[in-house]
Amino acid sequence: MHALPALTRETTVGAIVTARPGLARLFEHLGIDYCCRGKLPLEQACAQRGLDPATTLTLLQSAADALGATPVEENAAGMTLTELADHIERTHHAYLKNEMPRLVEMANRVATRHGENDPRLFEVAAATRGLADEMFDHMEKEEIALFPLVRRIENSAGSACACDMLAAPIRQMEIEHDDAGRAISHLRELTDGFSIPDAFCNTHRALLAGLAAFEADLHRHVHKENSILFPRALELAARAPSPTA
Ligand SMILES: [Fe+2]
Ligand SMILES: [Fe+2]
């Protein structure tokens with residue numbers, strides 16, 4: 001477990017979750033985006049949500065104290081880049097590959113059966129299909145191109161030829177993370193916050209629960225890439241000797 005950075009209004013929300021992943025739950029609860037907007041200082045993140053920074057700081061500190069008493073917190077920040085890329089593939093990518101087809105199938109079924117009662121269900125199905133397509137395409141780029149490059153940079157102590165090749169794909173992945181974040185926020189709006197009490201049937205209920213779990217997993221997944229893997233890979237690449245040195 002890493003030490004919590006000195007908590008101030010200037011600490012970025014991404015750095016807070018990197019040091020103490022268990023605090024992601026509090027940010028989820030407060031509606032603070034610690035993944036795609038992980039570079040925002042706490043004060044700005046609070047302002048976007050209409051939250052008082054002083055109160056939020058107190059809440060974070062108490063939650064961090066409470067976490068101190070719990071035994072296991074996933075430690076992505078303590079992994080090597082290779083370990084982290086492997087971990088992301090084994091956990092988040094594997095989860096998405098398994099879960100996305102199931103969500104698409106359920107969303108299609110619910111729209112067919114109940115769309116006439118709530119036309120938004122057709123939009124939910126279309127948005128779920130679109131998000132699944134985007135995520136599969138995105139993961140393929142990471143697994144085939146970007147992650148192997150990151151592993152190569154780490155294992156060759158930063159080969160100069162690879163450094164220039166890293167910035168553009170990372171920027172592209174960050175753009176796609178923003179797109180996925182907007183898509184799941186849209187699905188949250190279309191379903192009134194994944195509201196299960198209003199579900200039409202068990203499949204609809206399972207779909208809403210599945211989308212809520214998808215959102216939570218996406219936030220953790222994107223946080224690990226945007227706030228840990230990518231900046232550390234860029235930092236390592238920047239330290240590599242230039243070809244002319
Ligand atoms: Fe990923
Ligand atoms: Fe990604």
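Helices here are DSSP runs of H or I with at least four residues, and strands are runs of E with at least two, numbered from the N terminus.

Before going on, some ground rules. This is a predicted model, in which local features need pLDDT of at least 70 and side-chain atom pairs count only at pLDDT 80 or more, while totals for chains, interfaces and linings use all residues. Residues are numbered from 1 along each chain as its sequence is written, chains are lettered from A and ligands numbered from 1 in the order in which they are written, and side-chain values use heavy atoms, with hydrogens and water left out.

Now take the irons one at a time. The iron ion (ligand 1) has His-93 (NE2), Glu-142 (OE), His-221 (NE2) and Glu-225 (OE) as its protein donors, at 2.0 to 2.2 Å. A donor is an N, O or S atom within 2.8 Å of the metal (3.2 Å for Na, K and Ca), and since water is not among the atoms, sites may look incomplete. Along the chain, these donors are spaced H-x48-E-x78-H-x3-E. What is the geometry of the site of the iron ion (ligand 1)? It is irregular, with angles of 87 to 167 degrees among the 4 donor atoms. For reference, ideal angles at a metal are 109.5 degrees for four tetrahedral donors, and 90 or 180 degrees for six octahedral ones.

Buried means under 20% relative accessible area, exposed means over 50%, and partly exposed is in between (1.4 Å probe, protein chains only).

Stay with the helices for a moment. Val-124 is in helix α6 and counts as buried, at 2% relative accessibility. Beyond its neighbours within four places in sequence, Val-124 is in contact (heavy atoms within 4.5 Å) with Leu-187, Leu-190, Thr-191, Leu-207 and Leu-211. Glu-174, in helix α8, is buried at 11% relative accessible area. With residues up to four places away left out, Glu-174 touches Lys-39, Asn-226 and Phe-230. Thr-18 belongs to helix α1 (residues 13-19) and is buried at 17%. A polar atom of the Thr-18 side chain lies 2.8 Å from the backbone oxygen of Gly-14. Not counting residues up to four places away, Thr-18 also touches Ala-77, His-223, Ser-227 and Ile-228.

The loop between α8 (167-190) and α9 deserves a look, with Asp-192 in it. Most residues other than glycine have a negative phi. Asp-192, however, has a positive phi near 50 degrees, and Phe-194, in that loop, has one of about 55 degrees. Asp-192 is partly exposed, at 45% relative accessibility, whereas Phe-194 is buried, at 6%.

Last stop: the largest pocket, with a volume of about 570 Å³. Of its 21 lining residues, Gly-31, Ile-32, Asp-33, Ser-185 and His-219 are the closest to the centre. On a 1 Å grid over the protein atoms alone, a pocket is an open set of points where a 1.4 Å probe fits, with protein on both sides within 12 Å along at least five of seven lines, and lining residues have an atom within 4 Å of a point. Grid points are joined across faces, edges and corners, and the volume is the space filled by probe spheres set on them. At least two lining residues come from each of α2 (24-30), α3 (42-49), α8 and α9, and α8 gives the most, with 6.

Note on methods. Tetrahedral: all angles 85-135°; square planar, octahedral: opposite > 155°, others 65-115°. Polar contact = N/O pair within 3.5 Å; in protein donor to acceptor, adjacent residues only side chain to side chain.
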